[in-house]
Amino acid sequence: MRLATWNVNSIRARVDRVADWLERADVDVLAMQETKCADGQFPTMPFAALGYDVVHRGFSQWNGVAIASRVGIEDVEVGFDGQPTWSDKSEVEAAAEARALGATCGGVRVWSLYVPNGRSIGSRHYTYKLEWLAALRNTASSWLQDNPTAPIAMVGDWNIAPLDDDVWDISLFQESTHVTEPERSAFNAIVDAGFTDVARPFTPGPGTFTYWDYTQLRFPKNRGMRIDFILGSPALAERVTHAEIARDERKTGKNRVGTPSDHAPVVVDLT
C-alpha cells in the first residue's frame, strides 16, 4: 500500500493538481488537510474518475480534512474521543472543528489530522493547540492499549517543527509558535506513546522540508519548515519500506497542472 498526506490548501483550487499527482504517483490512500470547503462542496468526481472513494469533513472556508482511498473506506469516524471544541465568539456554542477524520483503508486505520496553528505564544489559540494535542495523545494511547497490534497511521499537518533542523533558520523563530518547548513536548508525547515518525529515516535533514511560504521566494531558496508527518503505530512502522517528500509538487511552471499548495505531499510505502 502507498499512503500519503497532503495539506492541499483549498481542494477546490487544487483538485486538478491533486488528481494529476495521484495518477502519476500511484497512491492508494491520500489524507488531505485544509480542504477549505463544506462537505457538499468537495469535488468528488475527479477522484471517482480515478477509482477513489472519498470521505470529507468540512464546514466552510476554514480547516477541513478528507481521505481518498482506492482500497476501501470503512468505519469512518469524525473527530477523536476527547477532541477539544472551539469558538472564538462567546455567544456561540463551542463545537469541534473539522480537524480530524478517521477511516480504515485496506486494513490500516488512517487519521487525517490538521493540528491547530496556535497563532501566537500565550494566546487562546496556542492554549487550544496544546489541549488538542494532549487529548490526541491520550486517545491515541488508548488505541494501542486496546489493540497493541493495530496498524494505525496518524498523518497530516501537525503545525510543529520537532527539531531545530526542521526550520530553515531557527534563530528567526525564537518568538514564534511551531518550535516552542511545549509544542515539541506535546509532539514527542505522542511519539512516546508508541507512534514513530516513519518518514524521517528515509528523508533525513537538515534542509528537508514539507512547507514553504508563498512569499519572498521561500521555495526556490529552500527556506521552509518540516511540519507534515506520518506517525505510525508499531505494527504500521514495521511495514514501512520506503518514504519520500514529493517536493516537486510545490513547483510551479511548465508541465505543472494548476497552482501548487504551499505544502508538499509526504508518502510512505507499506508491505
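This is a predicted model: local features need pLDDT of at least 70, side-chain atom pairs count only at pLDDT 80 or more; totals for chains, interfaces and linings use all residues.
Trainee: Take Phe 42 and Phe 47. Stacked, tilted or edge-to-face?

Mentor: That pair is tilted, because the ring planes stand at 35°. The ring centres of Phe 42 and Phe 47 are 5.6 Å apart.

Trainee: Are those two buried or exposed?

Mentor: Phe 42 and Phe 47 are both buried.

Trainee: And what about Trp 212 with Phe 219?

Mentor: Their planes are at 90°, so Trp 212 and Phe 219 make an edge-to-face pair. The centres of these rings lie 5.0 Å apart.

Trainee: Why do you call Phe 219 buried?

Mentor: Because its relative accessible area is 11%, and buried means under 20%. Trp 212 is buried too, with a value of 0%.

Trainee: Which residues form an aromatic cluster?

Mentor: Trp 158, Phe 187 and Phe 229 form one.

Trainee: What lies over the face of Trp 86?

Mentor: Arg 124 does, at 4.4 Å from the ring centre.

Trainee: Switching to helices. How do helix 3 and helix 4 pack?

Mentor: Helix 3 covers residues 124–146 and helix 4 covers residues 181–192. Their axes are 9 Å apart, at an angle of about 10°. That makes the two helices roughly parallel.

Trainee: Is the crossing left-handed or right-handed?

Mentor: The crossing of helix 3 and helix 4 is left-handed.

Trainee: Which residues make the contact?

Mentor: From helix 3, they include Leu 130, Leu 133 and Leu 136, as well as Lys 129 and Arg 137. Helix 4 contributes residues including Pro 182, Ala 186, Ala 189 and Ile 190.

Trainee: New topic. Where is Arg 2?

Mentor: Arg 2 is in strand 1, which spans residues 2–7.

Trainee: Buried or exposed?

Mentor: Arg 2 is buried, with a relative accessible area of 18%; the cut-off for buried is under 20%.

Trainee: What does Arg 2 touch?

Mentor: Leaving out residues up to four places away in sequence, its contacts include Val 27, His 242, Glu 244 and Asp 269.

Trainee: And where does Val 27 lie?

Mentor: Val 27 is in the loop between helix 1 (11–25) and strand 2 (29–33). Val 27 is buried, at 0% relative accessible area.

Trainee: How many residues apart in sequence are Val 27 and Thr 127?

Mentor: They are 100 residues apart in sequence, and 36 Å apart in space, C-alpha to C-alpha.

Key: Residues are numbered from 1 along each chain as its sequence is written. Side-chain values use heavy atoms; hydrogens and water are left out. Rings of Phe, Tyr and Trp (its six-membered ring) pair if their centres lie within 6.5 Å; planes under 30 degrees apart count as stacked, over 60 as edge-to-face and the rest as tilted. Buried means under 20% relative accessible area, exposed over 50%, partly exposed in between (1.4 Å probe, protein chains only). A charge sits over a ring if NZ of Lys or CZ of Arg is within 6 Å of the ring centre and within 35 degrees of the ring normal. Axes are lines fitted to C-alpha atoms, for helices over the stretch in contact, and angles run from 0 to 180 degrees between N-to-C directions. Helices (H or I, at least four residues) and strands (E, at least two) are DSSP runs, numbered from the N terminus. Angles under 35 degrees count as roughly parallel, over 145 as roughly antiparallel, 65 to 115 as roughly perpendicular and the rest as oblique. A crossing is left-handed if the near helix is turned anticlockwise from the far one by less than a right angle, and right-handed if clockwise. Contact means heavy atoms within 4.5 Å.
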